[in-house]
Amino acid sequence: MAEMQISARRVVHVIFRAREMEAKVGRWDSPGDSIDSDSILSSRRGDATETELREFIGGLPEDQQAELVAVMWIGRETFEPEEWDEAVDTAVSEKTTPTADYLLGIPMLSDYLESGLERLDVDVSEIEEDFL
């Protein structure tokens, strides 16, 4: 297995931002309701968390974007940890949409990324503390 080019810190950043997005709920009010329902826990079009995460993923070098997808696939058990190189190659060769669009369309993205790091024997316990 080749060494990961994407740092564990960057993957953990995506995990925490994805968790923030996954925790948000759809709007319960209708436009024009008199009750002001602005809440950081309401999902809104143009959400700052989603925008920041899309920009973060899009700003990664192409090889690191492919590795981020590979980590997710390993966490989802599409590939085994020993198939790292194949997973990265597949992420590169089968890319048809922006990586952020693909990843943010995956339910449970944060869980898959976390599981992928664990299956790759990457210890992120100290890094996670920095995000808490």
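How many nonpolar, polar and charged residues does the lining of the largest pocket have? By class, six of the lining residues are nonpolar, four are polar and three are charged. The structure described here is a predicted model.

**The largest pocket**

- The volume of the largest pocket is about 220 Å³.
- The lining of this pocket is formed by 13 residues, of which Val69, Ala91, Glu94, Lys95 and Thr96 are the closest to the pocket centre.
- Two or more lining residues come from each of helix H3 (62-75), helix H4 (84-93) and helix H5 (99-104).
- H3 makes the greatest contribution to the lining of the largest pocket, giving five residues.

**The largest nonpolar core**

- In soluble globular proteins, nonpolar side chains tend to be buried together.
- The largest nonpolar core in this model comprises 35 residues.
- Within this core, the residues that touch the most other members are Val11, Leu68, Val71, Trp84, Leu109, Leu113 and Leu117.
- The elements that each supply two or more residues to the core are helix H1 (8-23), helix H2 (48-59), H3, H4, H5 and helix H6 (109-119).
- Among these elements, H3 gives the most to the core, with eight residues.
- When its neighbours within four places in sequence are set aside, Leu117 is in contact with Met4, Val11, Val12, Ile15, Val71, Val122 and Val124.

- The buried residues of H4 are Trp84, Ala87, Val88, Thr90 and Ala91.
- Viewed down the axis of H4, these buried residues fall within an arc of 160°, and they therefore line one face of the helix.
- On the other side of H4, the exposed residues are Asp89, Val92 and Ser93.
- H3 is included in what covers the buried residues of H4.

**Thr90 within helix H4**

- Thr90 is located in helix H4.
- Thr90 counts as buried because its relative accessibility is 15%, and buried means under 20%.
- Apart from its neighbours within four places in sequence, Thr90 is in contact with Trp73 and Phe79.

Definitions and conventions:
Residues are numbered from 1 along each chain as its sequence is written. This is a predicted model: local features need pLDDT of at least 70, side-chain atom pairs count only at pLDDT 80 or more; totals for chains, interfaces and linings use all residues. Side-chain values use heavy atoms; hydrogens and water are left out. On a 1 Å grid over the protein atoms alone, a cavity is a set of points where a 1.4 Å probe fits but cannot get out, and a pocket is an open set with protein on both sides within 12 Å along at least five of seven lines; lining residues have an atom within 4 Å of a point. Grid points are joined across faces, edges and corners, and a volume is the space filled by probe spheres set on the points. Helices (H or I, at least four residues) and strands (E, at least two) are DSSP runs, numbered from the N terminus. Ala, Val, Leu, Ile, Met, Phe, Trp, Tyr, Cys and Pro count as nonpolar, Asp, Glu, Lys and Arg as charged, and the others, Gly among them, as polar. A nonpolar core is a set of buried Ala, Val, Leu, Ile, Met, Phe, Trp, Tyr and Cys residues joined through side-chain atoms within 4.5 Å. Buried means under 20% relative accessible area, exposed over 50%, partly exposed in between (1.4 Å probe, protein chains only). Contact means heavy atoms within 4.5 Å. The arc is that of the directions from the helix axis to the C-beta atoms.
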